[in-house]
Amino acid sequence: MREIFAGMPWWVKWVAVPVVALVVFGGLIATVVGFVIGLLFKLLVFVAIVGGLIYVVRKFTSSSSSRSDW
């Protein structure tokens, strides 16, 4: 493989081959990137909901325990 690329001009190695790879695998790359971004967004929403739930539970339990001290 190195022998094949050794005789090629620089623009074939650094421009044409990556462009062909993007054209051929562009849909696959976009699907994988979209899946990862969607997964990270869902993870962020999950963490925010769990954090909010913990905050609400602590707020109500601390306020109800302070009322029972009266």
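**Figure 1. The whole chain and its surface.** The accessible surface of the protein chain comes to about 6,500 Å², and carbon and sulfur atoms account for 78% of that area. Keep in mind as you look around that this is a predicted model. How many helices and strands does the protein chain have? There are 2 helices and 0 strands. The radius of gyration is 27 Å, well over the 11 Å that the globule rule gives for 70 residues, so the protein chain is more spread out than a compact globule. Picture a box drawn along the principal axes: the C-alpha atoms fill roughly 90 × 20 × 15 Å. Of the 70 residues, 1% count as buried.

Figure 2. Thr-61 has its place in helix 2.

Figure 3. Ser-63 is found in helix 2, which covers residues 10-68. With a relative accessible area of 24%, Ser-63 is partly exposed. How far apart in space are Ser-63 and Val-23? Going from C-alpha to C-alpha, the distance is 60 Å, and the two residues are 40 residues apart in sequence.

**Figure 4. Val-56 and Gly-26, another pair to trace.** Helix 2 is also where you will find Val-56. This valine counts as partly exposed, at 37% relative accessibility. Follow the chain between Val-56 and Gly-26 and you will find them 30 residues apart, with 45 Å separating their C-alpha atoms.

Figure 5. Val-36 lies in helix 2. What is the relative accessibility of Val-36? The value is 41%, and Val-36 counts as partly exposed. From Val-36 to Gly-52 there is a separation of 16 residues in sequence, and their C-alpha atoms are 24 Å apart in space.

Notes
Residues are numbered from 1 along each chain as its sequence is written. This is a predicted model: local features need pLDDT of at least 70, side-chain atom pairs count only at pLDDT 80 or more; totals for chains, interfaces and linings use all residues. Side-chain values use heavy atoms; hydrogens and water are left out. Helices (H or I, at least four residues) and strands (E, at least two) are DSSP runs, numbered from the N terminus. The radius of gyration is taken over C-alpha atoms; the globule rule is 2.2 Å times the number of residues to the power 0.38. Buried means under 20% relative accessible area, exposed over 50%, partly exposed in between (1.4 Å probe, protein chains only). Accessible areas come from the Shrake-Rupley method with a 1.4 Å probe; for residues, only the protein chains shown count as cover.
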